[in-house]
Amino acid sequence: MLHVVQLTTLLLICYIGTQVAGQADNVKIPAELLATALNHVSHSSKLDAAATIQSLNLGDIDTIYEVAKDMNEAGDLINSVLIWHILADGNAHHILSMVSLGFSYSEQDKQQAIKYFVQAGEDGPHQSSLYNAGRMFVENKLYVQGLAYIRAAATLGDDKMLAEYTKSQMTATATKAYQHISRMMLAENLSVESMVNIFPYASIDGFPQEGSKEDMLWNRAMQKLEEYAKTEKLEAMQLARKYISRVQDSKELSQLQEKLLNTDTEEKQCTRMQET
């Protein structure tokens, strides 16, 4: 079965790690690419040539990024992407370059786009990248990841340590998208595996809360389902259903979670689990 990490916890860990480790202040780019960037600056009407050239030669990361952005807008797509790769993939670990790569690849190479949106979203954290990663997952019918990342974008500000990384408009956009996808899921004919994996992300309120009674019951149910899949012991399935029924008693279930838990009869679940 597919297991997606608890994104809120992961984002907080990444945030703390970033604060401790920091990022490189300067970076060296290959001489030929630097020459191309310097030539662009000398002809750009948007950039202060003298100051920008000095900062470029010093390897200032923010300046290099802005020059690459200006190059991209001017139509030099290849060299701008090469520069962003150096900033994103190297020691600089530059978040905005990851974001730019996500958009650069979004039409031609969706897997690469998702990779960089996920990386920027988690490592920033970067709210709009979390949203864009989720959006692209959904476009590729990867609904578990889609719900997880869009929910992370919508609820990022719920953690006071991460609230500074949010914008109210993006929070509203992500919330609306999450609700739309949830309604869409209500009409989908999902496999048991999909239902099981979607459930933890099927409530924008975060039910069941990590460590709660319902969370522990759900985890026990999943363990028994896995046991049943391996051994076909009816007792394991019966215990899974028992734990799930206790989760069903909660009044905090979202509409989507209720649907996920009530879609199939026990007999259908047994049949599908045997097939997987």
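1. Let's start where two helices touch: Thr36, Ala37, His40 and Val41 of H2 meet Val67, Asp70 and Met71 of H4. Sorted by class, this contact has four nonpolar residues, two polar ones and one charged one. Keep in mind as you look that the model is predicted.

2. How do these two helices cross? The axes of H2 (residues 31–43) and H4 (residues 61–73) come within 10 Å, at an angle of roughly 70°. H2 and H4 are therefore roughly perpendicular to each other, since angles of 65 to 115 degrees count that way.

3. Now compare a second pair, H8 (residues 127–139) and H9 (residues 143–155). The crossing of H8 past H9 is left-handed.

4. Which residues of H8 and H9 make the contact? From H8 come Gln127, Leu130, Tyr131, Ala133, Gly134, Arg135, Phe137 and Val138, while H9 brings Tyr143, Gln145, Gly146, Tyr149, Ile150, Ala152 and Ala153. By class, the contact holds 10 nonpolar, four polar and one charged residues.

5. Finally, have a look at the second largest pocket, which holds about 230 Å³ of space. Its lining is made of Ile95, Leu96, Gly124, Pro125, His126, Gln127, Ser128, Tyr165, Lys167 and Met170. Helix H6 (95–105) and H8 each give at least two residues to this lining. Five of the lining residues are nonpolar, four are polar and one is charged.

Note on methods: Residues are numbered from 1 along each chain as its sequence is written. This is a predicted model: local features need pLDDT of at least 70, side-chain atom pairs count only at pLDDT 80 or more; totals for chains, interfaces and linings use all residues. Side-chain values use heavy atoms; hydrogens and water are left out. A crossing is left-handed if the near helix is turned anticlockwise from the far one by less than a right angle, and right-handed if clockwise. Helices (H or I, at least four residues) and strands (E, at least two) are DSSP runs, numbered from the N terminus. Contact means heavy atoms within 4.5 Å. Ala, Val, Leu, Ile, Met, Phe, Trp, Tyr, Cys and Pro count as nonpolar, Asp, Glu, Lys and Arg as charged, and the others, Gly among them, as polar. On a 1 Å grid over the protein atoms alone, a cavity is a set of points where a 1.4 Å probe fits but cannot get out, and a pocket is an open set with protein on both sides within 12 Å along at least five of seven lines; lining residues have an atom within 4 Å of a point. Grid points are joined across faces, edges and corners, and a volume is the space filled by probe spheres set on the points. Axes are lines fitted to C-alpha atoms, for helices over the stretch in contact, and angles run from 0 to 180 degrees between N-to-C directions. Angles under 35 degrees count as roughly parallel, over 145 as roughly antiparallel, 65 to 115 as roughly perpendicular and the rest as oblique.
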